[in-house]
Amino acid sequence: MRRTPFVIAAAALALLLPAGAHATAPTASTTPTAPPTFGTPGGRYERPVSLTLRAERGTTIRYTLDGTTPTRADRAVVPGQALRLTKDTNVTAVAFRGGRSSVPVSAGYLVRGKEKPVARLVVMSDVHIGGHEKNDKKYESFFDTIASVFPEPDAILSNGDMINDNGDGRGGDHRIVSEIFRANLERKGMDDTQVLLSHGNHDASLADMRAHYPRAWFPDAGGGYYESTVRGLHVFTVNTETYDSDRAQRAWLKKRLAEISADPANARTPVLVQGHRPAPGTAMDGQQASNPRLAEDLAAHPQVIYFSGHSHLNINDERSVHQRDFTAVNDGSMSYVEMDHGYQAITETGLADRFEAPTAQALFVEVYRDRTEIARVNMAADKHDIYTGGTWSADWQPPYASAGTLAGPAWTVRLKGRSPQETKDAFTYTDARRNTTAPKFTDRRPLALADGGRTLRVRQARDDQMVHHYRVDIENPATGTKLLSSKVLSEYYFMPRPNSLDIPLPATEKGTRYVARVRAVDAHGNASRETTLGFGG
């Protein structure tokens, strides 16, 4: 099978320099430690992976398999021994030499058996391309990552918002998207890969889309919706900009789904539907949803898997998949991701109300005869503040040390049952079956003061899925006055995740006693026991 090498370039080090920092001529004491290299590149494999890690002589390689950043306390690579990977895994490694360490590097491995899927599809959305300059190299990297998982996918579904038109006449940017995609399809030898586009709210007019893409990519009959087949699978593209008010579109979709469902042979075969906007009451707790009639029209068909974008909400979050009447899946975003509002992030200027990060993600869908596997893959998830230097930018350029890493375990959708209701009763990702396991602090002393007492260091808790944020309250117990009250994001959307968070403290009063109270909370709201730290101002 063809593989795309996992390359660690020296330029990756420059991406990790703080804004405004300048590289200086190295000396014996400042020469950076080179990061480890991976003997087997990240990607999809049909057998267990025997992975060797190498680094410069005189260094010790330490690694993690859970997405966290290795420390000197983590496992060391034994020279001459390989890691054996038998399941989907993120491997992160750091080379240590004395008091110095390399930047962390990561690779994601999807370990599958030899069973061949019926079809392989990449589902992405919200690429928001506006020019060649900032996107040519980025999409070369993205297509390299795609090829490392699916060397030649059967289809790529780009689910709306290919450009960033806001009614300002940028419809011609669709030509740029077409040029970038066609160049990379040709470069990677994806000659037989279908491309299927949906219409999003930033995609200008339907006429602009028809004018700038090959007809096969957007074969609508006038309303922005159409039906396709991919390796015999039914794939429907709906236009969520008009769905509720478009009687013809609704009648078309309901009629075709009813015809497919009428054949008992189709009961356990998924029907894929892509539409830009999410349906109400489904993925991510129904955030940024619209088109309630679409949810009504899909409700009678539990074999439907509905993919939606628009929200940019990240796919690390387990709420990105939801089942009740059908399966709804959030696509994430290829430009930048968002988190729920109401939280704060640690930035170069302190705590800030932040809900965006320059992370790009896509879904890799494998349809088998008895199940559908949906893998979550990062195109780029290196740690950066999207407002670095006070300017908003999601245009971080490659190389990406996180390319091809996994944003979470794969989701498995099975269609079991002799009737639609039995199929629904067997669903896995329902509200009733939501995770109830709370995070735990595993460090004996999870809280400490750092940076001369100017920050509260929180050593990250552990969870069976992921820690979403920390409830942080710091008060003067004598007066009840709050020094800080915040919900601080755990940075779970970066790869690798940091082992601790340094939360900036407001000014304290000398001689005053304070108490910090912290709980770790997962995406479903399950909270850890409270941990506390007393300290003086």
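Student: Where does Ala-204 lie?
Tutor: Ala-204 lies in the loop between E13 and H4. Those labels are DSSP runs numbered from the N terminus, helices (H or I) of at least four residues and strands (E) of at least two. Before we go on, this is a predicted model: local features need pLDDT of at least 70, side-chain atom pairs count only at pLDDT 80 or more, and totals for chains, interfaces and linings use all residues. Residues are numbered from 1 along each chain as its sequence is written, and side-chain values use heavy atoms, with hydrogens and water left out.

Student: OK. What is the phi of Ala-204?
Tutor: Near 55°, a positive value in a residue other than glycine. Most residues other than glycine have a negative phi.

Student: And how accessible is Ala-204?
Tutor: Its relative accessibility is 21%, so Ala-204 counts as partly exposed. Buried means under 20% relative accessible area, exposed means over 50%, and partly exposed is in between (1.4 Å probe, protein chains only).

Student: What about Glu-491, what is its phi?
Tutor: About 65°, positive although Glu-491 is not a glycine. Glu-491 sits in the loop between E30 and E31. Its relative accessibility is 4%, so Glu-491 counts as buried.

Student: Switching to peptide bonds. Which kind joins Pro-398 and Pro-399, cis or trans?
Tutor: Cis, with omega about 10°. Pro-399 is in the loop between E25 and E26. The bond from Met-495 to Pro-496 is also cis, with omega near 0°. Pro-496 lies in the loop between strand E30 (481-489) and strand E31 (500-504).

Student: Now salt bridges. How many are there in the whole structure?
Tutor: A search finds 44. A salt bridge here is a side-chain nitrogen of Lys or Arg within 4 Å of a carboxyl oxygen of Asp or Glu.

Student: Show me one. What does Lys-188 pair with?
Tutor: Lys-188 bridges to Asp-144, with the closest N and O atoms 3.0 Å apart. Lys-188 lies in the loop between H3 and E13 and Asp-144 in helix H2 (residues 136-149), so the pair ties together parts 44 residues apart in sequence.

Student: Is Lys-188 buried or exposed?
Tutor: Buried, with a relative accessible area of 14%. Asp-144 is partly exposed, at 23%.

Student: Another one. What is the N to O distance between Asp-154 and Arg-231?
Tutor: Their side chains meet in a salt bridge at 2.9 Å. This pair links distant parts of the chain, 77 residues apart: Asp-154 is in the loop between H2 and strand E12 (155-159), and Arg-231 in the loop between E14 and strand E15 (233-237). Asp-154 counts as buried at 15% relative accessibility, while Arg-231 counts as exposed at 60%.

Student: Which residues are linked in a network of salt bridges?
Tutor: Arg-44, Glu-46, Asp-88, Arg-112, Lys-116, Arg-120 and Glu-366.

Student: On to aromatics. How many aromatic pairs does the structure hold?
Tutor: It holds 15. Rings of Phe, Tyr and Trp (its six-membered ring) pair if their centres lie within 6.5 Å; planes under 30 degrees apart count as stacked, over 60 as edge-to-face and the rest as tilted. One of the pairs is Tyr-225 with Trp-252, tilted, at 4.8 Å centre to centre and 40° between the planes. Tyr-225 lies in the loop between helix H4 (206-212) and strand E14 (226-230) and Trp-252 in helix H5 (residues 247-261), so the pair ties together parts 27 residues apart in sequence.

Student: Is Tyr-225 buried or exposed?
Tutor: Buried, with a relative accessible area of 18%.

Student: Which residues do ring pairs link into a cluster?
Tutor: Tyr-139, Phe-142, Phe-143, Phe-181 and Tyr-400.

Student: Last topic. How far apart are Asp-395 and Lys-134 in space?
Tutor: They are 6.5 Å apart, C-alpha to C-alpha, and 261 residues apart in sequence. Asp-395 is in the loop between strand E25 (372-380) and strand E26 (406-413). Asp-395 is partly exposed, with a relative accessible area of 28%.
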